[in-house]
Amino acid sequence: MLQPLNAARLFASALRESDNSAEQARLATRVDASLRAAEELLDGLLDVSRLDAGVLQPHVVDFDAADLLRDLAAQYAPTAAQRGLALRVHAPRPMPIRSDRRLLRRALQNFIGNALRYTQTGGVLLAARRRGDGIALEVWDTGPGIPPAHLQQIFEEFHRYDQPGDRGERGLGLGLSICQRISHVLAHPLSVQSQVGRGSVFAIRVPLANAVLAAPRERESQSARDDSLHGLHVLCLDNDREILAGMQALLARWGVRASLAATVDEALAAMSSAPQVLLVDYHLHDRMDGLEALDALRAAAGKALPGALLTGDGSDALKLAARGRGYRVLTKPIKPASLRAFLAAQPQYDR
């Protein structure tokens with residue numbers, strides 16, 4: 001944990017002393033990479049502790065594997081585009097599977113994150129293929145590959161096979177260990193194949209669903225369009241004005257107009273500007289918590305506006321309470337790709 005934080009401090013110190021714009025941009029990128037590494041490590045440690053303690057209990061349902069892969073592609077499309085990598089999905093037809101969607105998604109996210117981290121050229125393919133009585137969900141990459149001697153060791157905690165890269169990123173040695181734990185909890189076998197110099201494929205095999213799923217709703221993919229969020233109006237409520245400033249700066253880069261509020265009363269007053277999406281922190285230190293504030297803002301709007309609860313509380317109880325009221329939960333530290341995917345998934349109001 002100290003390693004990425006120490007790296008961030010060193011890069012930040014160098015950034016303060018630099019007056020060269022190109023060098024400042026490079027150092028800022030390294031600060032960001034180091035802080036993201038610390039965030040990912042904390043997320044990973046929390047997942048490991050919950051899985052080992054049996055806190056994360058599977059909630060098994062039937063759903064479409066192809067739909068899950070498309071959602072993941074939408075989430076990671078901005079990252080792939082930023083790195084000049086192609087991100088494709090091969091799932092030509094609905095493939096009903098039976099699993100815990102959240103845990104399965106977490107495992108695939110780790111596979112995709114590794115693929116994007118280590119692949120320098122080419123791309124990443126997400127595929128769903130029929131394998132006997134199940135479906136193999138696969139993540140292919142055109143990265144440097146992994147030598148055979150390392151293929152089993154990479155699933156051990158804090159073991160990582162360092163790959164060449166020029167983005168200042170390194171694996172943390174927890175992602176694949178989490179995948180293995182999820183595999184055991186769900187009884188979904190993992191597999192990996194790799195060829196040095198050509199790439200790797202990680203897969204998790206999931207049983208077929210017991211029932212035929214309803215036809216999926218047609219929807220337009222927003223992720224690949226640079227202007228997909230342009231003109232969207234979002235209300236952000238957080239008692240920390242520094243966080244509000246950071247949120248405004250990020251949203252402005254996507255063409256999103258943000259109304260900012262540090263108190264519930266400010267947010268209610270801002271409803272006169274007719275926001276289309278609500279982003280609300282949970283711990284407001286106000287007369288309402290985030291869930292109550294979302295309810296009040298919807299009541300003020302007179303309709304069920306899309307809303308997300310931003311929180312560092314990852315408890316299942318809070319997530320269930322939010323989802324039961326129709327709100328999405330975005331866990332802090334908020335990942336820009338996750339936030340963008342949530343906003344892009346909202347109905348296209350008049351913008």
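A residue is called buried when its relative accessible area is under 20%.

**Figure 1. Overview of the predicted chain.** In this predicted model, buried residues make up 45% of the 351 residues in the chain. The secondary structure comprises ten helices and twelve strands, and the views that follow take up a set of these strands and several of the helices. Among contacts in the chain with a separation of 6 or more, 70% are accounted for by residues 24 or more positions apart.

**Figure 2. The open sheet of five strands.** The strands are arranged in the order β9-β8-β10-β11-β12 and form an open sheet in which the pairing is parallel. The edges are taken by β9 (257-261) and β12 (328-331), and because each of these has a single partner strand, one side of each is left without a neighbour in the sheet. From one strand to the next, the twist averages 20°.

Figure 3. Strand β8, which covers residues 233-237, runs parallel to β9 and is joined to β9 by five bridges. Within this pairing, L237 stands opposite A261 in β9. Helix α8 (residues 290-301) packs on the sheet, where α8 touches β8, β10 (277-281) and β11 (307-311), and the direction of α8 makes about 155° with that of β10.

**Figure 4. The contact between helices α6 and α10.** Two packed helices are described by the angle between their axes and the distance between the axes. For helix α6 (residues 241-253) and helix α10 (residues 336-344), the axes come within 12 Å and cross at roughly 60°, and the crossing in which α6 passes α10 is right-handed. The residues that meet are M247, L250 and L251 in α6 and P336, L339 and L343 in α10. By class, the contact of α6 with α10 is made up of six nonpolar residues, with no polar and no charged residues.

**Figure 5. Two buried cysteines, C179 and C236.** C179 has 0% relative accessibility and therefore counts as buried, since the limit for that class is under 20%. C236 also counts as buried, because its relative accessibility is 2%. A search of the whole structure, in turn, finds zero disulfides.

Methods:
Residues numbered from 1 in each chain as written. Predicted model: local features only at pLDDT ≥ 70, side-chain atom pairs only at ≥ 80, totals over all residues. Heavy atoms only, no water. Disulfide = S-S within 2.5 Å. Buried < 20%, exposed > 50% of the residue type's maximum accessible area, 1.4 Å probe, protein only. Pairing = 2+ DSSP bridges. Helix = DSSP H or I, 4+ residues; strand = E, 2+ residues; numbered from the N terminus. Axes fitted to C-alpha atoms, helices over the stretch in contact; angles between N-to-C directions. Contact = heavy atoms within 4.5 Å. Left-handed = near helix turned anticlockwise from the far one by under 90°. Nonpolar A, V, L, I, M, F, W, Y, C, P; charged D, E, K, R; others polar.
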